[in-house]
Amino acid sequence: ARKCVLSGLWKNELGSNMTISAVNTDGGFTGLYHTAVTATDKHIRVSPLKGSQKPTNQRKQPTFGFTVSWTFSNSMTVFVGQCFMDDKGKETLKTMWLLREEVSSPGADWKATRVGTNIFTRIK
Ligand SMILES: O=C(CCCC[C@@H]1SC[C@@H]2NC(=O)N[C@@H]21)Nc1ccc([N+](=O)[O-])cc1
């Protein structure tokens, strides 16, 4: 692919995978996220994602963002990143994320957000 469009199947270094639907004309997309890890004692379930990417008719390596609303916990993650393509056409999504857990009071708000990075590559 000459330009990086996010639709398709992706996996990250944690073993999580996501399926992104067709990206519509305004850059919007939806999909499903299956995380391989959780910091809760809940059973992991597939969770919906919604996001947008910069249109590829203007950019070859677009920035994007998406939100995962976890179906098995009251937490939420936002991912933001960019798609990079090497000279062989291999695509990599370099992302950072914020994971917000639900806490019981404003006094606990200070410890409610985790941050990290993930790299995604396509699953053929
Ligand atoms: O565990 C969760 C929900 C699942 C988060 C998976 C994260 S998203 C960033 C990273 N990339 C992945 O592919 N998977 C991980 N929520 C949660 C965590 C901790 C607490 N807590 O109370 O500590 C509550 C809910």
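1. Residues are called buried when their relative accessible area is under 20%, exposed when it is over 50%, and partly exposed in between, using a 1.4 Å probe and protein chains only. At 29% relative accessibility, Glu-101 therefore counts as partly exposed. The model discussed here is predicted, so that local features need pLDDT of at least 70 and side-chain atom pairs count only at pLDDT 80 or more, while totals for chains, interfaces and linings use all residues. Residues are numbered from 1 along each chain as its sequence is written, and side-chain values use heavy atoms, with hydrogens and water left out.

2. An N or O atom in the side chain of Tyr-33 is 2.6 Å from an oxygen atom of the ligand, and a polar side-chain atom of Thr-35 lies 3.0 Å from a nitrogen atom of the ligand. In the side chain of Asn-118, an N or O atom is 2.7 Å from a nitrogen atom of the ligand. On its own the ligand has 570 Å² of accessible area, and the protein covers 88% of that area; accessible areas come from the Shrake-Rupley method with a 1.4 Å probe, and for residues only the protein chains shown count as cover.

3. How many salt bridges does the model contain? With a salt bridge taken as a side-chain nitrogen of Lys or Arg within 4 Å of a carboxyl oxygen of Asp or Glu, the count comes to 3. Arg-122 and Glu-91 form one of them, at 2.4 Å from N to O, and this pair links distant parts of the chain, since Arg-122 lies in strand S8 (residues 113–122) and Glu-91 in strand S7, 31 residues apart. Helices (H or I, at least four residues) and strands (E, at least two) are DSSP runs, numbered from the N terminus. Arg-122 counts as partly exposed because its relative accessibility is 22%, whereas Glu-91, at 8%, counts as buried.

4. The side chains of Asp-109 and Arg-100 also meet in a salt bridge, at 2.6 Å from N to O. Both residues can be classed by accessibility: Asp-109 is partly exposed at 38%, and Arg-100 is partly exposed at 32%. Glu-101 forms a salt bridge with Arg-114, with the closest N and O atoms 3.1 Å apart. That pair, too, links distant parts of the chain, with Glu-101 in the loop between S7 and S8 and Arg-114 in strand S8, 13 residues apart.

5. Which residues form the nonpolar patch on the surface? Val-78, Val-80, Met-96, Leu-98 and Val-115 do so, with about 440 Å² of accessible area together. Patches are made of residues with over 30% relative accessible area and no salt bridge, like charges being joined within 9 Å and nonpolar side chains (Val, Leu, Ile, Met, Phe, Trp, Tyr) within 5 Å. Strand S6 (76–85) and strand S7 (91–100) each supply at least two residues of the patch. Val-78 is found in strand S6, and its relative accessibility of 36% is why it counts as partly exposed.

6. Gln-53, in strand S4 (residues 47–53), is buried at 5% relative accessibility. A polar atom of its side chain lies 3.0 Å from the backbone nitrogen of Leu-6. Neighbours within four places in sequence aside, Gln-53 is in contact (heavy atoms within 4.5 Å) with residues including Val-5, Val-23, Phe-29 and Phe-64. Val-5 is found in the segment before strand S1 (8–12) and is partly exposed, with a relative accessible area of 28%. The C-alpha atoms of Val-5 and Pro-55 are separated by 8.6 Å, although the two residues are 50 residues apart along the chain.

7. Met-76, found in strand S6, is partly exposed at 35%. Met-76 and Glu-101 are 25 residues apart in sequence and 6.7 Å apart in space, C-alpha to C-alpha.

Definitions and conventions:
Polar contact = N/O pair within 3.5 Å; in protein donor to acceptor, adjacent residues only side chain to side chain.
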